[in-house]
Structures are given as C-alpha cells and as structure tokens.
Amino acid sequence: MKIKQNELLVSIFLLCALNFTLPVSAQRNVLSPAVFSSAKIEGIVGRKLKNCVENGVMAKDYVLYTKPFKDKLDKGGGFTGEFWGKWFTSAALAYSWQPTSAYKDILDKAVSELIKAQDADGRLSSYPRTEDFGFWDIWGRKYALLGLIAHYDQTGDRESLKAACRATDALIKIAGPGKKKLTETGLQIIGGLSSCSILEPVVLVYERSGEKKYLDFATYLVKLWSEPNDYNPRGLRLIEDALAGVDPILIAAPKGYEMMSCYEGLCELYRVTGEKRLLQAVVKFGKSVLKKEIMIVGSGSSGELWCDGANRQTEILEQPMETCVTVTWMKLCYQLLQLTGDPVWADQMEISLYNALMGAMVEEGKWWAYFSPLIGERMPSPMQVPVCQSSCCVANGPRGMLITPGWSVMKGKTGPVINLYSQGNWTQKLENGTEVKITQETDYPVNKDVQIHIGLPKPANFTITLRIPAWNKNSKLMVNGEVISCKSGTYTHIKREWKNGDKIQLEMDLRGRIIRAPGSVNELAVMRGPIVLALDSRMVKNENYNLWLLPQGTKWQSKSELGGLKYVLPAPSLSANSPVQYIELTPSPSKPANVWMAFEVPFLYRYTHFFDHKQINLTMCDYASAGNQYSEKNLFRVWLPQPLYMNDIFPENTWKILYREGNTRPEIPIKK
Ligand SMILES: [Zn+2]
C-alpha cells in the first residue's frame, strides 16, 4: 500500500514536472513562480537574459564539468565538483524559459555524462573515497544533486531522480545518524556550512520520491545544527541565532554564500513540513542580512565573508561583493517572496538585478566578475580552474539572471502578480482555466510610464496585483483612465471584472533620490528608481575643487551689498531621520557607447565663503554601466563624500585588492 501511495505521489510530481509547475509542496507558496516559458521578457532584461543563455550557459563545453567526478579531480581539497551542478541548474532554467529541442539535448547529454561517473553504490563525488568529507566534497555532491533534480523536474526523466536518490542513499550511509556528522565536515574554518547546505537537495529528493528516509535525514541534519560539535562549540545554531536577531557576521562562520545556501534549504524544509518556526528563522535572517550586510547595489561581502557591509560600504573594500553572494542573496529573496508574498523581497531582487548582477556580467554573458566594488575598477574573474574553464562566480552568475522569468509575473492565489516592469508579454491560466495575457509596453526604468494591456477570451473576475516599490512615493495608477490609489512598499490588488482590452497605466516616481550612507559617514549616493548612479572616468575629469551634491529646493540667497551675488549658506548635513531628499536629474545629451543611462546631476561649487557660488553638473551613469570597459583605465565611484574633492575621485590600481595571486591583471579568458 505504501509503495502505491509513493508511486501515486511520484506520478503527481511527474505530471507537475512535465507542465513546468512546482510540486505539491508549492501549496505553501503565497506566490508561485510563473511558467517560465510563458514569460516573453523583452527590453534590456530580455536582452541580458538572451545573451546570458546564448553566449554563456548554452555555449559552454559542459563535458569539462563531469571530469571532476570521473577523474576525482578534487583529491587534496579542490572544489571543481561544484561546476557541473551550477552550470546544469542554469541550463535547466534556460531550457524552461526557452524549451527548444536543442537545449533539451544538451541537458540530456550532460546528465547521462554525469551518471556515467556515479559509482555502483550510488556515490557521486569529485573526491576519491579515501577523502570522503574532504573540504568541498559534500558541497560538490550538493550541486550534482541539484542538477539531477532540475533535470527530472524539466523532463520527467525517472533515471535522473533515481540517480539522485542513489547518491543521497550513499551519503546517508556515511553521514546518517550514528555516522560522521556533516556539521564537522568540510573546511573547518567555515564551520561546516558548506556541507550543511546539502539540506536543500535532500528535501527536494524527498518531495519528488516521497520516501520518508530522506525527510528523516533532513530533519536529523537540521537537529545537528543545534548541537555543539568539534567545529562549533556552541553548535551552528542557524535557526536559534536567526530567530534571536543575531547579526549575520556573528552567526556560525561569516561565509555569506554558504550560510545563505543553508537557509535556502530551510525554506524547502518548511515547504514540506509547514513548521512555521523554520520560515520565521529565514525571514528574520533575510531581514538581518538586508539591514547589516547588503550594500546599495544589492549585494554584500568582502573576501566572500560578511563584513558589516551596510556600514562599511563607503570604504575601499578588499574583494567586495562576490557574484556568488549576489546570486544566492537573490535566490534567497526569491524563496522569501514565494513563501511570504512580502514585496520587500521583490524590491530587493529588482535592485540586485539592475545593479550588482548586471554590473558583474561581462562581455554580454560570456564571462562574469568575481568581485564588484563600489569604487575603483571592475575586473573579470580570473580563471580559477583552467581544467573546467570556469570560476565559482562565472558558473553562478547565470543562476541569478535566469530566475527572472519566475519572479517577473507570479501566480497569486487570485490572479497574476506583476513584479517586473519590462517590455514583454506574459500568459497565465486563472483558476477557472481562462488564459489571461498581460502585455507591457514600457522602457522603464529609463522612463517612468508603464502601460499594461489585458488580453482575455471573455470577461473574468479576478485580481491583478501590482508591486509598488518602496521608493515609489509619488506614483499614479489608473485602470482605463480611472485613478486607483496605491501605496509605496506594498502590493496593490485590483479586483474587478477584467475585459479584453482593459488598460492599466502606472507612472513611476523616477525622481533622483539622495541616499545617505548608513552610520554617521558623511557620504551620499544618488538613486533613480531601482538604479544606483555612479561617476565614471569616461565622463568626469579630475579638477582642483570641491563639490557638494545639490538637492532640489536648495535655498539660493542673494544680497545686493554683495553686488547681486548668489550664494548658498551651509546647512547641517542630512540626518538619518530626515525625509527623502530629491535631486533633479536631466538625461545626458551624450554618453559613451555601452553606457545604458546617463544623467546630468547638479553639484554646488563654492569659490570661497559666500562668493562665486554656482551650480556645476557632473554626468553620472547607471552602476551596471559604470566601469564596464573592465579595464584599469575605466574607473568609477558610487559614494560621494561631502564635499567631494574632485582631484581624488577615482583611486587607481584597485584591481590589486580584487586579485591577490598575480602581478598581471586578469583578462577575460573567452574563446572566440
Ligand atoms: Zn563565487
């Protein structure tokens, strides 16, 4: 009887998988991902996605990624085992977005190559058996499992699920109750976090197989997190410390990416158990990361570690914002958006996508940055592992980019939920089977107008939900010309009888905003909608004077005894509690090729005392375009000290603090 139930469960999962929807546990989702292939994203996001797929993911020589498993390349402590799964999960996302038979062939071949490297007892590792639990052994196994599961989800191929089950069985055999504790494996200095992140695929294997032994192992593993062990005398305490609001830098070990990966696993465990405490822990953790570590462009870390980044982001940091951190932060936000329906996570994903992530994508998706600074220069990731022609972030970047179709327009309980405003069209089936087509006409965030056309075969009652970003203080929303009230930082739900041809107009508040650095640092930055602006050496020259940002509404004074001279008296600097200050931005009449957006930004020049004050405009561009020549000659900066000494805007040679291992600046190692 039990077997039959399992088989039934499996066939339900299989049906779901073939329809490219999520399995049963998705009921726990407040918002569900879109059917990827129904999201026809155009505009800049669509172009970046397409380039990422065509020039990057699908152009890779994926056979190289199975070598680590076949030849046990990680003997002695390597991490090449991660590449296959990182690449494969990207490829699976790409295929789900553009399900062509050519892409399916690639997936099928890559999986069959990997399965060839699986041992008779199911072991699937890039380490020799004598080095079970080596530094990155379990970490690499995790990625292989995630890839196999992604293949099963996309194609329904039972062999992939079987291979994943067998690999998990082999792991349980050596790491189950009474055996080696995973909390005491992997690189000791990162406290077992890398190994413990295997929680995510273990739960996914349970969901798809229906076999309780996998859930038991997942529950056992999470219990271990609370127990003192050789690596962590207090225990990892990922749940307890998150719930207590401990700063991320003080939880377990401060390895940002691996830590977030563990919380991604907790999201999956919550999906199958419904245990609220788990979700509460992840929500609290996510909020702590946002408050303490995430920098203005939507990423964090220095040298891959949490670094009190929100407070320290104005410094010239070593190896800041690893792309793996950007991607995992976005994936964690995506999980939280699905599970809570709180738009704060979608706001964050939008900021990360347009700034940190797009800025890290090199040469139209062929390569990626390892680290991305807020000041200095961009540098392509060095080739960490020539034998696999890859680097951790090069393999990971696409995973952040390619979740976009999933969160762009999601499925709410009562209708579509629009998160991403972009040219394109989306189709979604309502509960009653009616297909609604959402067509967006916009070049937002370049311009503020978004027009959304609704296509329906017949009128239907349902809700269309729109994300109104937190920064969008003064927006206008209309349906067929009728004004609808909306509030920033919330979702606006429009429930009505929708008809074919109905039109939603949303006007975004794209006024320039002055952002004050956290803490008491006297530095400011400028944002426009979700876009962070930066000074770029192609557009700004060194000068021997100081400038101050000039907010809108600055009081110019004029005294006749000074011969009619206009001047500005100093005002106290903005306080953290002051309301938003705006700044007038004018689109720049000219900009270098490859720069997406550029604006003239007003600054105040004071010759001396109250004499000869005047406005000087500097050109600022979007952060992702800033420094995008990826050369030591193309310098940029985001944070602006007040005053900004114009002869010292751009520190040089910062590539040397991005890359320690050589005397030559890494170049983009792309095959033509
Ligand atoms: Zn990385």
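Q: Left-handed or right-handed: which is the crossing of α15 and α16?
A: The crossing of α15 and α16 is left-handed: the near helix is turned anticlockwise from the far one by less than a right angle, while clockwise would be right-handed. Keep in mind that you're looking at a predicted model, where local features need pLDDT of at least 70, side-chain atom pairs count only at pLDDT 80 or more, and totals for chains, interfaces and linings use all residues. Residue numbers start from 1 along each chain as its sequence is written.

Q: At what angle do helix α15 and helix α16 pack?
A: Two packed helices are described by the angle between their axes and the distance between the axes. Here, α15 (residues 323–340) and α16 (residues 343–360) pack at about 160°, with axes 9 Å apart. Axes are lines fitted to C-alpha atoms over the stretch in contact, with angles from 0 to 180 degrees between N-to-C directions. So α15 runs roughly antiparallel to α16 (over 145 degrees; under 35 is roughly parallel, 65 to 115 roughly perpendicular, the rest oblique).

Q: Which residues of α15 and α16 make the contact?
A: Contact is a matter of C-beta atoms, placed from the backbone, within 7 Å. On the α15 side you'll find Thr323, Thr326, Trp329, Met330, Cys333, Tyr334, Leu336 and Leu337. Facing them from α16 are Trp345, Ala346, Gln348, Met349, Ser352, Ala356, Leu357 and Ala360.

Q: How do helix α6 and helix α7 pack?
A: Read this pair through its angle and distance as well: α6 (residues 137–155) and α7 (residues 158–175) pack at about 155°, with their axes 8 Å apart. That makes α6 roughly antiparallel to α7, and α6 passes α7 in a left-handed crossing. The α6 residues in the contact include Leu145, Leu148 and Ile149, and those of α7 include Ala163, Ala164 and Leu171.

Q: How many helices and strands are there in the protein?
A: Count DSSP runs from the N terminus: helices are H or I of at least four residues, strands E of at least two. The protein has 19 helices and 27 strands, and its C-alpha trace spans about 95 × 65 × 50 Å along the principal axes. For contacts with a separation of 6 or more, 69% link residues 24 or more positions apart.

Q: Buried or exposed: how does phenylalanine 83 count?
A: Look at how many other C-beta atoms, placed from the backbone, lie within 10 Å: 20 or more is buried, 12 or fewer exposed, in between partly exposed. Phenylalanine 83 has 31 such neighbours, so it counts as buried. This residue belongs to helix α4 (residues 82–97). Leaving aside neighbours within four places in sequence, phenylalanine 83 touches Tyr65, Cys388, Ser390 and Ala395. Across the 672 residues, 50% count as buried.

Q: Where is lysine 72, with its positive phi?
A: Check phi against the residue type: lysine 72 has a phi of about 50° although it isn't a glycine. Lysine 72 lies in the loop between α3 (67–71) and α4 and is partly exposed, with 19 other C-beta atoms within 10 Å. Glutamine 319, not a glycine either, has a positive phi of about 40°. You'll see glutamine 319 in the loop between α14 (309–312) and α15.

Q: Which residues does the cis peptide bond with omega about 5° join at proline 445?
A: Omega is the angle to read: about 5° for the cis bond joining tyrosine 444 and proline 445. Proline 445 sits in the loop between β8 (435–441) and β9 (449–455). The bond from glutamine 642 to proline 643 is also cis, with omega near 5°, and proline 643 is in the loop between β26 (640–641) and β27 (644–645).

Technical notes
Two residues are in contact if their C-beta atoms, placed from the backbone, lie within 7 Å.
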